[in-house]
Each structure stands twice: as structure tokens, then as C-alpha cells.
Amino acid sequence: MRCRPRDDRADDVADGLPLLPVDRVRVLPGVTAAGISNMAPFVYASAVMSMTLRGDSAEPIEARALSYVITPGYADALSFRVREGRLFDLRDGSAGVRPILVNEAFARAHLSDGKPVTGRRFNASFAPADATVEIIGVVANVLKDGLDTRAEPAVYNLPRDRFGLPPNMNIAL
């Protein structure tokens, strides 16, 4: 389902996340998971982001990845497979640390030093200067553009800071 946010709700937030129509959908009988994203399977639209991750290593990590904004519940609705850590939940919107998810291709390309990927904290070029980003989960690669495509490194962000929800959103149930 695709929808547009109402302009008069732009400033409504709960637990640091925007209040959205999906909040009403989650409580309907038979709905086990629901979320919103700018990512939809088989829709050929993706944002690519270059980023610098500065953590405890001597050298910053220069990375390039597909970038998606998803709300808690979206990964559950699409049955993302967790390889390490966990998916977003409603508490993550108010966390001081900005949680992110990465896929296996991202972990393999940029974080293959043998250390656990989850729990790594960075000051990232895509977050506010004083913000810390923490990888809370690694998910299996999603071939959203079709089974005949190659997995690309991807990062999943909550709709916070500069990662707001786009004018056209996708609701997954």
C-alpha cells in the first residue's frame, strides 16, 4: 500500500518517531506486523549514500551503501532475517544513540575484521555531529529489485534527524 503523509501531522511524534497511519493498522485483528518505508520490493528506486564511520579503529571507514528509511515493524512485516542482533522496535525512536541496521553485504564489505558487527558505535557523517550511531542488527541481504540482482551493501535508518519519511511511503503488513 502506498500513501502520503498528511501535512497537518508532520509535527506529531511519539517516542521520537512520527505518528503515522500505520500505528492504527498495527492494532487491527489479524495484523501481526506493520511498518512504513521508502523501500518496496520490486520498485526500482533506491538512494545511495556515501558515509564516513569513525569508531575505535585507527582509520575511519569510508563506505557507500543503499540507504533506506524504515519504521519499527517494517522489517518484521517483510520477514527480514536477522543474522546478528535485532530489528528496530518502538523504543529505538527515543534512544540517545541512533540505531541502524546493516545487511550482510555491508558487513562483509566494510566490517570484516572478525569482530562482532552489532554493538559497534560510530560518529557517522550522515548523523548530527554530536550523535553516536550504533549497529543493532545485521540482516540477510534483501534482493528488492528481483532475484536476478546482486546484493549491495545497505543501511536501514529510522525516520529521525535528516532521514525523514519521504512524500510517498510504502506500508507493509
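Q: What makes both faces of strand E8 count as covered?
A: Arg-98, Ile-100 and Val-102 on one side are buried, and so are Pro-99, Leu-101 and Asn-103 on the other. Buried means under 20% relative accessible area, exposed means over 50%, and partly exposed lies in between (1.4 Å probe, protein chains only). In a regular strand the side chains alternate between the two faces of the sheet. This is a predicted model, in which local features need pLDDT of at least 70, side-chain atom pairs count only at pLDDT 80 or more, and totals for chains, interfaces and linings use all residues. Residues are numbered from 1 along each chain as its sequence is written, and side-chain values use heavy atoms, with hydrogens and water left out.

Q: Why is strand E8 called mostly covered?
A: The strand spans residues 98-103, and six of its six residues are buried. A strand (E) is a DSSP run of at least two residues, a helix (H or I) one of at least four, both numbered from the N terminus.

Q: How do you know that E8 pairs with E10, and in which sense?
A: Two strands pair if DSSP finds at least two bridges between them. E8 and E10 are joined by six bridges, so they pair. They run parallel. Arg-98 has Val-133 in E10 as its bridge partner.

Q: How many bridges join E8 to strand E11?
A: Three bridges join E8 to E11 (residues 154-157), and the two strands run antiparallel. Ile-100 has Asn-157 in E11 as its bridge partner.

Q: What makes E5 and E9 a pair?
A: Two bridges join them, in the antiparallel sense. Leu-53 stands opposite Ala-124 in E9. Strand E5 (residues 47-54) also meets strand E6 (residues 61-69) over seven bridges, again antiparallel. There, Ser-50 is partnered by Arg-64 in E6.

Q: Why is Ile-135 called buried?
A: Its relative accessible area is 0%, so Ile-135 falls under the buried limit. Ile-135 is found in strand E10 (residues 133-139).

Q: Which residues does Ile-135 touch, not counting those up to four places away in sequence?
A: They are Ile-100, Val-102, Leu-111, Val-117, Thr-118, Gly-119, Arg-120 and Phe-122. Contact means heavy atoms within 4.5 Å. Ile-135 and Val-117 are 18 residues apart in sequence and 7.0 Å apart in space, C-alpha to C-alpha.

Q: Why do Arg-120 and Asp-113 count as a salt bridge?
A: Their side chains meet at 2.4 Å, N to O. A salt bridge needs a side-chain nitrogen of Lys or Arg within 4 Å of a carboxyl oxygen of Asp or Glu, so this pair qualifies. Side chains of opposite charge can pair when their charged atoms come close.

Q: What makes the link between Arg-120 and Asp-113 a polar contact too?
A: A polar contact is a pair of N or O atoms within 3.5 Å; within protein, one must be able to donate a hydrogen and the other to accept it, and residues adjacent in sequence count only if both atoms are side-chain atoms. The side chains of Arg-120 and Asp-113 make such a contact at 2.4 Å.

Q: Are Arg-120 and Asp-113 buried or partly exposed?
A: Arg-120 has 13% relative accessibility, so it counts as buried. Asp-113 has 45%, so it counts as partly exposed. Arg-120 is found in the loop between helix H3 (104-110) and strand E9 (121-124).

Q: How do you know that Arg-86 has salt bridges with Asp-89 and Asp-92?
A: The closest N and O atoms of Arg-86 and Asp-89 are 3.6 Å apart. Arg-86 and Asp-92 meet at 2.8 Å, N to O. Arg-86 is partly exposed at 33%, while Asp-92 is buried at 5%. The structure holds seven salt bridges.

Q: What is the mean pLDDT of the protein chain?
A: The mean is 79, and 76% of the residues reach 70 or more. pLDDT is the predictor's confidence in each residue, from 0 to 100. Over residues 1-16 the pLDDT is below 50, and beyond near neighbours in sequence this stretch has 31 contacts in the model.

Q: Which elements have the lowest and highest mean pLDDT?
A: Strand E1 (residues 2-3) has the lowest, 44, and strand E7 (residues 82-85) the highest, 97. The secondary structure comes to three helices and twelve strands.
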